[in-house]
Amino acid sequence: MLESAYLNSLIARAKQDVKTIVLPEGEDERILKAAHLITAEKAAKVIILGDVESVKKHFAGHNWSLEDIELVDPAKSANLEKYTKLLYELRKEKGMTEEEAAKTVLNPNYFGTLMIKAGDADGMVSGACHSTADTLRPCLQILKTKPGTADYQFSQKRRQRFVAADSGS
């Protein structure tokens, strides 16, 4: 289904240990196509954040299945209060108020990161329509880094692959 041998090898590895991945950019057509391809390959369980009806309409328009895909509108989520409290507890020492937490949690990158922190997802892929700073800030504030760990960022442009690394040791 995919043209790249590199991507095919990643898909094969992902199938060996299927994880739940949050895609916070549910308004981006490229993300929706990726969600379709990933679930068609059974490489991950996918959670798409965004307007549920818009995503359903997009998938129906392409005759794609929503099987193995969970759709979540952060503003209507049953976990909204839980994530708001979690964010407040994690950031109150830095001066975040409960009101700020309630507003911030509606940001899809924060909501997705809180899903990971709460154990409701294993990972998140973002950055298609958000800046690197807007993508990484919630991760650094909520998940933090552990001493001695390294951070990696992968990207691909046309047929070139790029890796950026930063060692925490």
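A residue counts as buried when its relative accessible area is under 20%. In this predicted model, E41 has 16% relative accessibility and therefore counts as buried. E41 forms a salt bridge with K15, with 3.4 Å between the closest N and O atoms. K15 lies in helix α1 (residues 5-16), whereas E41 lies in the loop between α2 (29-40) and β2 (44-49), so the pair ties together parts that are 26 residues apart in sequence. K15 itself is partly exposed, at 42% relative accessibility.

The structure holds 9 salt bridges. Among them is the pair K42 and D68, whose closest N and O atoms are 3.5 Å apart. K42 belongs to the loop between α2 and β2, and D68 to the loop between α3 (52-61) and β3 (69-72), so this bridge ties together parts 26 residues apart in sequence. K42 is exposed, with a relative accessible area of 51%. D68 is partly exposed, at 40%. D17 and K19 form another salt bridge, their closest N and O atoms being 3.1 Å apart. D17 is partly exposed, at 47% relative accessibility. K19 is partly exposed, at 36%.

Helix α4 was examined next. Y83, T84, L87 and R91 are the buried residues of α4. Viewed down the helix axis, these residues fall within an arc of 105°, so they line one face of α4. They pack against α5 (98-104), α6 (108-117) and α7 (132-143). On the other side of α4, E81 and K85 are exposed.

Notes. Residues numbered from 1 in each chain as written. Predicted model: local features only at pLDDT ≥ 70, side-chain atom pairs only at ≥ 80, totals over all residues. Heavy atoms only, no water. Buried < 20%, exposed > 50% of the residue type's maximum accessible area, 1.4 Å probe, protein only. Helix = DSSP H or I, 4+ residues; strand = E, 2+ residues; numbered from the N terminus. Arc of directions from axis to C-beta. Contact = heavy atoms within 4.5 Å. Salt bridge = Lys/Arg side-chain N within 4 Å of Asp/Glu carboxyl O.
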